[in-house]
Amino acid sequence: SEPAPTPSPSDSAMSACLAYDQWPSVDGDVTCGSCRALVLTAPFDGRCDTYCESFGHVCSAAAEEQNEDCVVKYDAECDQQIVGTSDMLCTCRLPN
């Protein structure tokens, strides 16, 4: 018999997250849509996975921003420590 096709995650599932006003440590209230926000690195050791887990989410993307904004300077792994900066862009979603 044919194996069942693996359902691909829908965009809505990928972007399922709490409202930004429930996200901790957002820097200057900078949010980027699609469950991404500019957050302080210090309380979370510069790691987006640690940040997202702090409020019951899982990290789906991490990056360093250009200048206190949503422009990506470089992408990082969720478990990669982003050093030499006071903030980072984390994309968090609710666990499936």
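**Disulfide bonds in the predicted model**

The torsion about the S-S bond that joins C52 and C92 is about -75°, so this disulfide is left-handed. In the model, which is predicted, C52 belongs to helix α2 and C92 to strand β5, and the bond thus links distant parts of the chain, 40 residues apart. The two sulfur atoms are separated by 1.9 Å, and both cysteines, C52 and C92, are buried.

A disulfide also connects C48 with C90, at an S to S distance of 1.9 Å, and with -85° about the S-S bond this link is left-handed. Because C48 is placed in helix α2 (residues 48–53) and C90 in strand β5 (residues 87–93), the pair ties together parts of the chain that are 42 residues apart in sequence. C48 and C90 are both buried.

For the disulfide formed by C32 and C70, the sulfur atoms lie 2.0 Å apart, and the link is left-handed, with -85° about the S-S bond. Since C32 lies in strand β1 (residues 26–33) whereas C70 is found in the loop between β3 (58–65) and β4 (72–76), this pair ties together parts that are 38 residues apart in sequence. C32 is partly exposed, its relative accessible area being 26%, and C70, at 33% relative accessibility, likewise counts as partly exposed.

A search of the whole structure finds five disulfides. When the bonded cysteines of the protein are numbered in sequence order, the pairing reads 1-3, 2-7, 4-9, 5-10, 6-8.

Conventions: Residues are numbered from 1 along each chain as its sequence is written. This is a predicted model: local features need pLDDT of at least 70, side-chain atom pairs count only at pLDDT 80 or more; totals for chains, interfaces and linings use all residues. Side-chain values use heavy atoms; hydrogens and water are left out. A disulfide is a pair of cysteine sulfur atoms within 2.5 Å. Helices (H or I, at least four residues) and strands (E, at least two) are DSSP runs, numbered from the N terminus. Buried means under 20% relative accessible area, exposed over 50%, partly exposed in between (1.4 Å probe, protein chains only).
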